[in-house]
Amino acid sequence: MKVRSARLLPAFACGLVFCIGAGSSGAQTSPGGLGVLEGQTDIGAVSPPGVGTFDAGSGVYTVVAAGANLWSTADAFHFVWKTVSGDVSLTADMAFPSATGNPNPHRKAVLMFRQTLDADAIYVDAAQHGSGMTALQYRSERGATTQDIELNIESPRQIRLEKRGDTITMFLSNHGEPLHQVGASIKLHLEGTFYAGIGVCSHNPGVVETATFSNLKLQTPASDARPTVLFSTLQKIGIEDNYRRAMVVATGPGKMEAPNWSRDGKMLIFNRDGHIWTIPTEGGNATILNTGSATNCTGSHGLSPDGKWLAISCSMPGKPETRVYIVPTAGGEPRLLTENPSSYFHSWSPDGKTIAFTRPNHTGGGNILSISVQGGTETALTTGTGMSDDPDYSADGKWIYFNSDRAGGLMQIWRMRPDRTGAEQVTSDDYNNWTPHPSPDGKSIVVVSYDKDVKGHPANKDIALRILSVDGKMHVLVNLVGGAGSDNVPNWAPDGTHLAFVSFQMLPADLAGPGSQ
């Protein structure tokens, strides 16, 4: 998960566009008359063969192609490309000129960076669908299942795909406003020389579709000296191998943290700026939840099993330290649960009678405790000077999963019985593993994994959300920039098929787009 630096290449002026000098002479036009692009080919099985043309007078590229799909583990589409390396951006206005009859909602026009011309190659693209949906699609390993980040917006006027090092970001302009971030950013390594270009897939073998690409610019992105601020993106993602689709629910400057799902699956609960917020899972306007006199609410909150109550970790007048409180889900004045300060909620027991929480100690570590939802005496579930953190009950209530460094060395996942007996180590690998959350169906556990050299539980780091299955196998669900705040508390959808999380990115403040949350 370490970021590898990429070599910057010089840009060469080419009239209305810039060319990338990836070992070439920087010539504007190839012998085939493709403007700043230099070649074209069908990727995978495409019949009839696709074709791309360039009108030098209008500066418009037209690509006509069939192709079964640009998804899953192998692709079939027509690609018009140039070999490049280092940092690069590709910008264009994409359109499907034929909108009569019954247009195919699944056809795709794309801006793409691709490692090779093989059908199963590593790639990333900014895809505009016939339905109007726009997505950042990517295949992180050769032959792996394609994943994406989907946007719930109308077709944009202009799209940019930009690579800086291993960070690849999609920028949009919906109505002619300056290009801005939309929360679609991934970490993907492209080795050495790769391909940048445009493509079309009809999503229907034997049926041809046409897309145009105007105002195309292929550039080396200039260094940006503007001060940067933290942007957060709240997303949801499917966990099935053939449905790893993520959707941007909200994005904007500032720090969103720790999403929970409502029990009906229609809302997400998160914290930002010391408040608790709610937002529809399909996107929309975020609303502050009334928590009475509570302030400085942290990313340690969660709904009771019956959905009637929300545990929060906040400050109150006269009690500035963080304590656990309970409020009605619809909002209201908090009820104090933990009398002792520096208490942080983590999980409800499945029967709704007990809450597991944590408290840091004076040595820099921390321990896990439990308490009745009616309050009263706390029970210490772990002791010692090390770190035991992030407890979450299994769906059947028989185990509490948590992360601990008690074995020495790296942070690993453990579990114990709710009466603190039977502690056993669950993971033992070369990552620092945090925040285990068992799924509602008991089949999976999601874990945040850092590189072994990362200390503690910081935010804004390269991490992986990994899924541990009941058979002991672990696989990466998604790589992102995140950490503390990404999934501090239970973040599964009620049906166990989706997760919510928060990713982070440092960008200039003026890249916030219209409607940023």
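This note sets out points on the fold of the chain and on one of its sheets.

1. The model is predicted, so that local features need pLDDT of at least 70 and side-chain atom pairs count only at pLDDT 80 or more, whereas totals for chains, interfaces and linings use all residues. Residues are numbered from 1 along each chain as its sequence is written, and side-chain values use heavy atoms, with hydrogens and water left out.

2. The protein chain has 41 strands and 0 helices, where strands (E, at least two residues) and helices (H or I, at least four) are DSSP runs numbered from the N terminus. Its radius of gyration, taken over C-alpha atoms, is 25 Å, close to the 24 Å that the globule rule gives for 517 residues, so the chain is as compact as a globular protein of that length; the rule is 2.2 Å times the number of residues to the power 0.38.

3. Of the 517 residues in the protein chain, 55% are buried, meaning under 20% relative accessible area with a 1.4 Å probe, protein chains only. Among contacts (heavy atoms within 4.5 Å) with a separation of 6 or more, 53% are between residues 24 or more positions apart.

Key:
Buried means under 20% relative accessible area, exposed over 50%, partly exposed in between (1.4 Å probe, protein chains only).
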